[in-house]
Amino acid sequence: MNYFLDSVFYSYAQIFFSNRKWFGALILAATMVNPLLGVSALLGLLASNSLAVLLKFDREKIRIGMYGFNGILFGAALTFYYQLSVQLLWLMPVFFLVVFFVSVVLEHHLEQVFNLPGLSLPFVLTVYVFIIFIGNYTGFHQSEFVLRLSSGEGMLLYESYFKSVALIVFQPDAVAGIILVIGLLFFSRVLFLLSVFGFAVNALFLSLLLPQQYDSLLVLTGFNAILTSFALGGSLIIPSRKNIPLVIIAIMMVIVLTGFFIKAIVPAGLPILVLPFNLIVLLTLYSLRFRKDQTDLVLLYFKPGSPEENHYYHKKRTLRFQNFKLIYPELPFFGEWIVSQGFHGQYTHKGDWKYAYDFKVLGADGKEYDNEGLIPEDYYCYNLPVTAPLDGTIVRIVEGVPENQIGDANIRQNWGNTVIISHKFDLFSSVSHLKADSIKVKEGDRVLKGDIIGRCGNSGRSPYPHLHFQFQASDSLGDATFLFPFSNYIVRDGDSLRLKSFSYPEEGNIVQNIDIHKTIQKGFKFRLGERFTFNVSEDGREVTETWEVKVDIWNQLYIESSNGSIAELFITEKVFYFTSYLGEKSGALYAFYLAAMQVPYCYHEKLFWEDEYSVAQLPGMSIRYLSEFFLLWKDMISARGAFHFKRNEATGEFTLHTSISVTGSSLFRMVRRAIAGSVTISSDGDLTGISLADQGTEICNAKLIKERNDNEKLSHL
């Protein structure tokens, strides 16, 4: 029954680009303002979904309404345009089959060949087939609904707006439109504003382009304009202020196409329906894929939510992962070194060589050498090991360049003793100024990340001992530098340490690699098939919650909770990340998601790091709904988390402490909120406790009851 109801309500919700069952139920109710239209639409849905189940189509696609919404529109269209008759009742089941198969073919073909949605084009084509087919029959008469709609000329603008919204589901009355607009307002503030804006822009351009037909076409072009605004303003493109000019241009083209179709297909007895919306949206989306720069007007690239949720997810993902790569290079040394010259350096890092680093070591006194600093051996970095930043193959070695005296520079052999390594994806790294006779590898050798390849020296153009490092795109000595981030490293900031992810060390930064702490790594190293059971105290009640670690068809690891929540994981070699969460804002998994958004597998007493949060995923954030009226202009509310570990020396436990700060801007400056979380890891590396507090009040506390042992894990797998 739940599956059946999901397939019904999600099918209706799809018409308004929604993934909310309650909105689908509301749309279903709105279609019953005229019961004949509503029942006909429901029959179209039931026929489509039943056929999909019978023929064993993808059950998830059936559940989310991918095969049902065109059946809804076609069923409603039949009784909207034609009076109910015996002939119509006979033909209905046949054409319900036709619209289903057209939907399947178009949805699959557009997705696979053009990476485009099918939209409601299948329903339009099937209506045209039906109209042409019944041209050979008598007994089909125009319904009263068409007459009621066309008799609305001279309506007030707001009445036309509500009728335009209602016509999306073939309801000719403003009452249905009012119901739908109320639902739209609760589902998405962005779509509500786009509906008003799209209709207003449509009215303006219609008065300019087709003034003689303004009254007769206002509702027809209005609902096409509203749907176009939905698709291009926030549902199929990530919402931003840059969408607005695109929406305006698209609506103008909707009116132009409507004028064209009035001359081209209406004389043949074919209605325009939502053909302008479908063609404009599909052409626009397809055209945008050919841009050189995809950073503006970002096409939807993930499973959609509301436009607001899409915006938050994309913004958070961009801030968190925009520099992430498929490989994880590390700094080419052990311990702490300082960036003595960074990008666009004062001395040599210019032009083609601007993305390079010089590293050296400072002592406790802040100097780079001991004694007088007159010989290379006085310098702290001299003779220290240099390591491979990534797995790879040694492709070029330059050696035999003598060491310089302090203050001298060998400009004839500029790079000095050098090792160049080839990595994946045609990426190369080069380390230079190595110590003479210290290179431990030869060309053709395979090396692993962290393997020692030589020692820091003072060869080449190096008046003082230091290490020169750069990424490049070939194995040529001294080739142009290539901008590529280090995956994870730590920067000293006074007495504290800061974690950096896929970033670029800056001149003056004191940096080091992450050293894995086995206990913390075990606590956050989730493996496929693991199960955890927690006793959860929440809202004055206690429940048992079980997690299982699973993987989807794209090899994306995720944790699924017994309460239906899902949290997706992204685990690099040394850092754990949560990427998304789906489910109710309650339970142990939700608390864990907020408390452990990002966790490095290391421990330093004064190590701190930060991460971004989506305000849509935080508890008690109803104020955000008001702020979303301004979302197309700017984000009025933001959330950022700060993290650090503490160790209990007596028990050996580690506790991850998380503090999430919510702040507002402009009209929402008064918004201040503090959410705190914690995760406890035992001395054996077990995840033993999770807690979450909102404004100082604990809202969730979870204690581990049981973790599946190794034998059980293997048996499960």
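A crossing of two helices is called left-handed if the near helix is turned anticlockwise from the far one by less than a right angle, and right-handed if clockwise. The model you are looking at is predicted, so local features need pLDDT of at least 70 and side-chain atom pairs count only at pLDDT 80 or more, while totals for chains, interfaces and linings use all residues. Residues are numbered from 1 along each chain as its sequence is written, and side-chain values use heavy atoms, with hydrogens and water left out.

Let us start with the whole chain. Its C-alpha trace spans about 105 × 60 × 50 Å along the principal axes. The chain has 19 helices and 24 strands; these are DSSP runs numbered from the N terminus, with helices being H or I of at least four residues and strands being E of at least two. Of its 717 residues, 54% count as buried, where buried means under 20% relative accessible area, exposed over 50%, and partly exposed in between, for a 1.4 Å probe and protein chains only. A contact means heavy atoms within 4.5 Å. Among contacts between residues at least 6 apart in sequence, 65% join residues at least 24 apart.

Now find helix α5, residues 69-81, which packs against two other helices. Two packed helices are described by the angle between their axes and the distance between the axes. Here axes are lines fitted to C-alpha atoms, for helices over the stretch in contact, and angles run from 0 to 180 degrees between N-to-C directions.

With helix α7 (residues 121-133), α5 packs at an angle of about 35°, the axes lying 8 Å apart. The crossing of α5 past α7 is right-handed. On the α5 side, N70, L73, F74, A77 and L78 take part, meeting L121, P122, F123, T126, V127 and F130 of α7. These contact residues divide into nine nonpolar, two polar and no charged. In this scheme Ala, Val, Leu, Ile, Met, Phe, Trp, Tyr, Cys and Pro are nonpolar, Asp, Glu, Lys and Arg are charged, and the others, Gly among them, are polar.

With helix α6 (residues 86-114), α5 makes an angle of about 150°, and the axes are 10 Å apart. α5 passes α6 in a right-handed crossing. N70, G71, F74, G75, L78 and T79 of α5 make this contact with L88, M92, F95, F96, V99 and S103 of α6. Seven of the contact residues are nonpolar, five are polar and none is charged.

Further along, helix α17 (residues 588-595) is largely enclosed by the rest of the structure, because eight of its eight residues are buried. Among them are Y590, F592 and Y593.

In helix α18, residues 623-627, look for S627. S627 is buried, with a relative accessible area of 4%. A polar atom of its side chain lies 2.7 Å from the backbone oxygen of R624. Leaving out residues up to four places away in sequence, S627 touches M636, I637 and F668.

Finally, visit two loops. Most residues other than glycine have a negative phi. H344, in the loop between β1 (337-341) and β2 (356-360), has a positive phi of about 50° although it is not a glycine. H344 is exposed, at 54% relative accessible area. N371 sits in the loop between β2 and β3 (385-387), and its phi is near 60°. N371 counts as exposed, at 57% relative accessibility.

Conventions: Polar contact = N/O pair within 3.5 Å; in protein donor to acceptor, adjacent residues only side chain to side chain.
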